[in-house]
There are 2 protein chains.
Amino acid sequence: MRGRPATYDNDAVVLKAQEIFWEKGYSATSLQDLQNATQMGSGSLYNTFRGGKKELFSKALQQRREAFQAFKKELKQSASPMDLIRDFFRSVAMADEHTHLKGCIVANTVTALAFIDNDLETEAVGILKDVEKMFTDTIREAQRTGTVSNPADAAVLGRYLMTCWNGLNVTRRMHPHKEKLKELIEMQLGILR
Amino acid sequence: MRGRPATYDNDAVVLKAQEIFWEKGYSATSLQDLQNATQMGSGSLYNTFRGGKKELFSKALQQRREAFQAFKKELKQSASPMDLIRDFFRSVAMADEHTHLKGCIVANTVTALAFIDNDLETEAVGILKDVEKMFTDTIREAQRTGTVSNPADAAVLGRYLMTCWNGLNVTRRMHPHKEKLKELIEMQLGILR
DNA sequence: ATATTTTTGTAATGATCGTTACATAATTAA
DNA sequence: TTAATTATGTAACGATCATTACAAAAATAT
């Protein structure tokens with residue numbers, strides 16, 4: 001028995017909510033904000049996401065995890081995975097100002113929720129750790145093939161790349177400036193060879 | 001005419017407020033939180049800090065700026081300023097878990113307030129830019145004396161160090177682990193020579 | 001003493017918070 | 001056609017939000 005058909009596309013709703021969360025963060029985003037962005041009333045919203053604001057935020061984080069997994073799949077199919085990662089970093093410099101100011105929603109969450117919501121913070125840390133593992137695995141293989149000539153422990157280099165990303169997340173807000181970021185990223189990547 | 005003498009030490013109150021803001025951030029900190037931490041009633045609080053929550057947060061940020069200026073003064077008097085900066089980074093690894101989870105209140109503010117409060121975000125960016133300038137100036141001089149042998153533009157190296165700090169601010173929460181952070185920081189600093 | 005000034009504690013303000021209740025709408029199953 | 005089920009929109013809930021009002025307290029100045 002199916003009941004009244006849903007008006008809203010849940011994935012689209014999560015993406016709209018994600019947009020608001022990304023800019024304002026978990027604490028500063030109100031349910032009114034979310035209703036305005038999604039055009040959903042509180043009735044539908046709570047009927048669909050019974051965990052309320054927290055579930056919606058969790059779903060938004062999960063969407064980022066899936067986006068990351070798509071990238072990882074691309075990486076697996078790539079002929080030169082290490083170059084794909086380098087290009088990923090280089091592309092940061094090309095973003096527009098608004099994108100710079102938003103930063104990374106996952107890193108933002110780790111920064112903001114440590115003493116606010118342990119579940120959500122742990123979810124975010126888990127995603128970043130997966131990204132770090134991807135860096136590490138790719139670097140280890142690239143060391144084998146010679147694409148990375150730095151002989152340091154791949155785990156440390158992976159953690160280093162993760163930290164480059166985390167650092168860019170703040171520095172790009174200080175300097176939303178293509179050339180400055182480009183120079184910076186080239187210097188960060190220089191360590192690999 | 002002096003009126004009733006103040007019970008509370010304003011600097012101590014700002015430090016107490018800073019503690020709460022540092023952990024919970026601007027948005028998630030309530031005035032009740034601040035009253036509990038400072039033991040001040042709302043009467044005294046608003047009489048002393050007429051700008052309310054925002055002024056109190058601003059004062060907390062200013063306190064960090066002053067702490068930074070004290071470090072900069074130390075640097076000026078140091079025989080090997082570059083080594084002082086290296087030690088500063090190395091000391092991050094030695095912090096306890098709670099300190100790791102708190103991160104840097106200034107970087108936290110840049111991350112959280114871009115779309116919430118432009119004034120406070122701009123204040124925080126200003127502090128980080130001053131820190132970056134200190135890095136740059138110190139590196140430029142260290143290149144002259146040979147303490148830093150990397151010949152790259154000091155401004156780029158300074159921005160790189162700033163980004164290392166910003167990155168550690170997140171990575172130390174992912175891995176509040178002395179050895180991991182130590183290896184990471186040595187790798188970050190390795191670029192200077 | 002009395003007037004003046006500042007600080008303090010308490011109580012109240014209106015607004016907004018996240019969430020729930022509930023009647024109605026829109027569908028399928030019987 | 002009727003019962004069952006799900007989704008929607010609206011109104012309301014109590015709690016908490018940041019801030020203000022105000023009278024009492026504690027000092028100085030006249």
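1. In this predicted model, α1(B) passes α7(B) in a left-handed crossing (the near helix is turned anticlockwise from the far one by less than a right angle). Contact (heavy atoms within 4.5 Å) is made by B:Gln18, B:Phe21, B:Trp22, B:Tyr26 and B:Ser27 of α1(B). From α7(B) come B:Ile105, B:Asn108 and B:Leu113.

2. The axes of α1 (residues 10-28) and α7 (residues 105-113) of chain B come within 9 Å and cross at roughly 20°. The two helices are therefore roughly parallel (angles under 35 degrees). Axes are lines fitted to C-alpha atoms over the stretch in contact, with angles from 0 to 180 degrees between N-to-C directions. Helices are DSSP runs of H or I, at least four residues.

3. B:Lys102 is found in α6 (residues 97-102) of chain B. B:Lys102 touches residues including A:Phe115, B:Trp22 and B:Asn108.

4. B:Leu168 lies in α9 (residues 154-174) of chain B. B:Leu168 counts as buried because its relative accessibility is 1%. Residues touching B:Leu168 include A:Thr163, B:Phe89 and B:Leu184.

5. On conventions: residues are numbered from 1 along each chain as its sequence is written, and chains are lettered from A in the order in which they are written. Local features need pLDDT of at least 70 and side-chain atom pairs 80 or more, while totals for chains, interfaces and linings use all residues; side-chain values use heavy atoms, without hydrogens and water.

How values were computed
Parallel < 35°, antiparallel > 145°, perpendicular 65-115°, else oblique. Buried < 20%, exposed > 50% of the residue type's maximum accessible area, 1.4 Å probe, protein only. Lists of a residue's contacts leave out its neighbours within four places in sequence.
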